[in-house]
Amino acid sequence: MKILGINGSPRRKGNSHYLMTLFMDKMAARGHDTRVMDATRMEVTRCIGCGNCEKTGNCVFTEDDFTTLFLPAVLEADIVVFSSPVYFYGFPADIKALIDRIQVLWSRKYRLKTLGLEGRERKGVLLAVGATSGKDLFSGMEQTARYCFDAAGIDYAGALCYRGIDGAGAIADHPGIDEDVEQMVKSLCSGSK
């Protein structure tokens, strides 16, 4: 399987990075092809809501990293993983810019009926970390991830979200983190070829 990870954190070697690395290492150990893209290092033009994708199935911006790198990788992937901190109950701007541009796939799927991914079983996962402990801390992110994955022809397979994690590297000391990620990977891989 091809596993695509999207890192949404602007903090290098932080908690989201740790989660993504742990997840991808476990996938690679099972023999899967893994690739991580860093949303904060990509040149992505923000969606301007022009509606071109709803008419043509293509974005008007054809030369940025969304169109040339991200979109082909998403279409090729069997599993897509977002790993991100929570910012005001949502995704940070860089990863949200990628998610907003997924409108092009929504248009292909729902308006034009040309997505072309029928028969492929694809899964999506959210890995998220937040410093506070509010019960609704990840609600916005989960809802956004669900709709993004749906637009891309990906079934939402679940999330691992951790509250009260503050300070770079604090997630590594969270009890049960390795077991949680191992269980998620095992679940995603069951039935895969």
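Analyst: A cavity is a set of points, on a 1 Å grid over the protein atoms alone, where a 1.4 Å probe fits but cannot get out. Its volume is the space filled by probe spheres set on the points, which are joined across faces, edges and corners. This is a predicted model, so local features need pLDDT of at least 70 and side-chain atom pairs pLDDT 80 or more, while totals for chains, interfaces and linings use all residues. Residues are numbered from 1 along each chain as its sequence is written, and side-chain values use heavy atoms, without hydrogens or water.

User: What volume does the largest cavity have?

Analyst: The count comes to 1 cavity of 30 Å³ or more. The volume of the largest cavity is about 30 Å³.

User: How many charged residues are in the lining of the largest cavity?

Analyst: Lining residues have an atom within 4 Å of a point. Here they are F70, V74, V80, F82, I102, C148, F149, A152 and I154. By class (nonpolar: Ala, Val, Leu, Ile, Met, Phe, Trp, Tyr, Cys, Pro; charged: Asp, Glu, Lys, Arg; polar: the others, Gly among them), the lining has 9 nonpolar residues, no polar ones, and the number of charged ones is none.

User: Which residues lie nearest the centre of the largest pocket?

Analyst: A pocket is an open set of points with protein on both sides within 12 Å along at least five of seven lines. The largest one has a volume of about 320 Å³. Its lining has 10 nonpolar, 7 polar and 2 charged residues. Of the 19 residues in that lining, the nearest to the centre are P85, V86, V129, G130 and A131.

User: Is N7 buried or exposed?

Analyst: N7 sits in strand β1 (residues 2–7). Beyond its neighbours within four places in sequence, it has contacts (heavy atoms within 4.5 Å) with residues including S16, H17, M20, D38 and S83. Buried means under 20% relative accessible area, exposed over 50% and partly exposed in between (1.4 Å probe, protein chains only). The relative accessible area of N7 is 5%, so N7 is buried.

User: Why is the pair of F66 and F70 tilted?

Analyst: Rings of Phe, Tyr and Trp (its six-membered ring) pair if their centres lie within 6.5 Å; planes under 30 degrees apart are stacked, over 60 edge-to-face, the rest tilted. The count comes to 5 aromatic pairs. The ring centres of F66 and F70 are 5.6 Å apart and their planes meet at 40°, so the pair is tilted.

User: How many residues are in the largest nonpolar core?

Analyst: A nonpolar core joins buried Ala, Val, Leu, Ile, Met, Phe, Trp, Tyr and Cys residues through side-chain atoms within 4.5 Å. I6, F66, F70, F82, F91, L98 and L105 touch the most other members of the largest core, whose residues number 38.

User: How many residues has the other core, with F23 and M24 among them?

Analyst: This core lies apart from the largest one. F23, M24, V125 and I177 are among its members, which number 22.

User: Is F88 buried or exposed?

Analyst: F88 lies in the loop between β3 and α4. Its phi is near 50°, a positive value in a residue other than glycine. At 86% relative accessibility, F88 is exposed.

Methods
Helix = DSSP H or I, 4+ residues; strand = E, 2+ residues; numbered from the N terminus.
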